[in-house]
Amino acid sequence: MLNTKFIFFVFTSLLTLGSANLSTSKNECASNKVVSNIRKTNQNNKTQKYTGEEVFSYLDLFEYYYDIYLEKNTDFEPVSYDMFVDLYYEHQYSIDEFIIFLCSNDYPFINPLSASSNSSSTDANYILDSDIGEPNKTNKKYFKRKPVYSNYDYSVIQTGDIVFEAMASFDLKHVAFVYNNSKDSDYGNYIQTVEAVAGGVQYGFVDDTRVLDYGVTIYRIYRAGELGATKVAKEFISQQLGKPYEPNPLEFKYTRTDINSPSWYCSELIFAAYYYAGLDIVSTYNYKFNPKTMPCLPVDLTRGINTISISIAMDNFLQLHLYDFTDKFWWNSSFWTIEVFNPNNFDITVEYNTKMCFEEHARDWEGLGDIKSFKLAARQSNTVDIYQNWSATSITFSWVNDTNVRYITAANNLSKTEYTFSVVYNKI
């Protein structure tokens with residue numbers, strides 16, 4: 001009887017090993033994909049496409065100006081509506097200047113961008129159900145999911161910063177105001193935002209998942225804090241909470257700035273807050289933004305003369321995203337699918353242990369017996385499967401630079417339900 005059990009154990013182990021090697025090989029041969037093409041996942045990590053209604057009004061806006069373009073364009077074959085929207089984000093123009101540009105001889109030199117299919121909305125899992133009336137601590141019941149803070153340096157984010165989503169619906173973008181850079185909650189401190197979405201002006205948050213899913217970049221208005229503008233802008237924002245998201249297409253000829261305005265769209269809200277504080281955050285060296293005659297789109301908030309980009313990347317260290325967990329049949333192995341991102345501006349060779357290991361081995365890159373590697377291009381990501389391994393609880397990835405320094409990104413406490421983990425950085 002013992003011999004039979006032993007034979008059965010060896011047989012099933014060989015099946016597991018064969019499956020692991022086959023799956024790993026498949027992942028290593030897969031093409032690297034750009035971060036902007038990372039699939040969106042909800043808190044259960046199943047593929048989901050958000051269809052936020054707040055961008056509907058932006059579509060109306062572009063339709064309005066596209067009609068103007070068609071009327072003015074008499075010398076060239078007009079571009080398609082989709083191309084019109086895509087091209088706008090390629091150049092530093094107000095939308096009026098953009099139309100003139102399209103109708104000029106310069107147009108043939110434009111290179112189009114590809115549009116994204118994601119969008120943020122009242123249903124996005126980073127929007128809180130509510131938080132009004134509980135200023136000191138946010139109850140976990142308001143969260144659609146637990147915030148995840150592992151892969152980025154969030155300590156650099158300040159109240160008043162602007163969260164810019166590059167991967168919003170139809171390349172229309174989305175922006176949010178950092179309302180509190182260290183808000184207490186049942187999940188610990190988190191970065192709280194206020195933003196105008198389909199459900200109105202609401203609280204939200206920024207974390208790893210949002211940064212990856214929506215291509216987030218952080219922007220700051222230079223010296224806004226020193227000048228007292230951040231405090232005033234925050235007070236303005238606080239008075240808009242609960243107001244509806246209801247831009248009227250007829251109002252797209254101007255940008256509302258009145259503190260008593262009945263409704264807002266996302267970029268208009270933030271522009272108005274700083275405008276109320278005495279700062280124009282949209283005008284550039286090339287043109288003067290006039291809110292009385294121009295709309296304010298999300299991308300406009302990134303182009304201002306006093307706007308600077310803030311990096312939250314962990315320099316050199318790989319960034320991990322828990323992509324999926326697959327619990328296979330009893331005779332095969334369960335595994336975690338991990339997305340690995342290279343934050344460097346150069347290609348690297350990533351090494352990883354194909355099976356889970358013990359925490360001290362993962363952190364110190366010692367005692368590992370199942371190491372494999374793959375090439376990872378600059379600013380790109382790839383996914384690999386890490387197989388469960390008895391009582392081991394950690395995963396580990398690393399790369400070695402030209403001076404033989406190894407940068408290790410390890411993680412433990414992986415959650416099958418919340419898709420979170422605890423990250424450990426080390427270099428040896």
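What is the strand order of the open sheet of five strands, and is its pairing parallel or antiparallel? The order is β11-β10-β13-β14-β15, and the pairing is antiparallel. Two strands count as paired if DSSP finds at least two bridges between them; helices (H or I, at least four residues) and strands (E, at least two) are DSSP runs, numbered from the N terminus.

The model is predicted: local features need pLDDT of at least 70, side-chain atom pairs count only at pLDDT 80 or more, and totals for chains, interfaces and linings use all residues. Residues are numbered from 1 along each chain as its sequence is written, and side-chain values use heavy atoms, with hydrogens and water left out.

Within the sheet, β10 and β13 run antiparallel and are joined by two bridges. Tyr-352 has Phe-397 as its bridge partner in β13. β11 and β15 stand at the edges with a single partner strand each, so one side of each lacks a neighbour in the sheet.

| Strand | Residues |
|---|---|
| β11 | 371–376 |
| β15 | 422–427 |
| β10 | 348–353 |
| β13 | 395–400 |

Helix α7 (residues 266–276) is largely enclosed by the rest of the structure, because nine of its eleven residues are buried (under 20% relative accessible area, 1.4 Å probe, protein chains only). The buried residues include Cys-266, Glu-268 and Tyr-274. Just after α7, Gly-278 adopts a positive phi of about 95 degrees.

The largest nonpolar core has 77 residues, of which Phe-62, Phe-84, Tyr-274, Ile-281 and Leu-301 touch the most other members. Its largest share, seven residues, comes from α7. A second, separate core of 25 residues includes Phe-317, Ile-338, Leu-376 and Leu-414. Such a core is a set of buried Ala, Val, Leu, Ile, Met, Phe, Trp, Tyr and Cys residues joined through side-chain atoms within 4.5 Å.

Definitions and conventions
Buried < 20%, exposed > 50% of the residue type's maximum accessible area, 1.4 Å probe, protein only.
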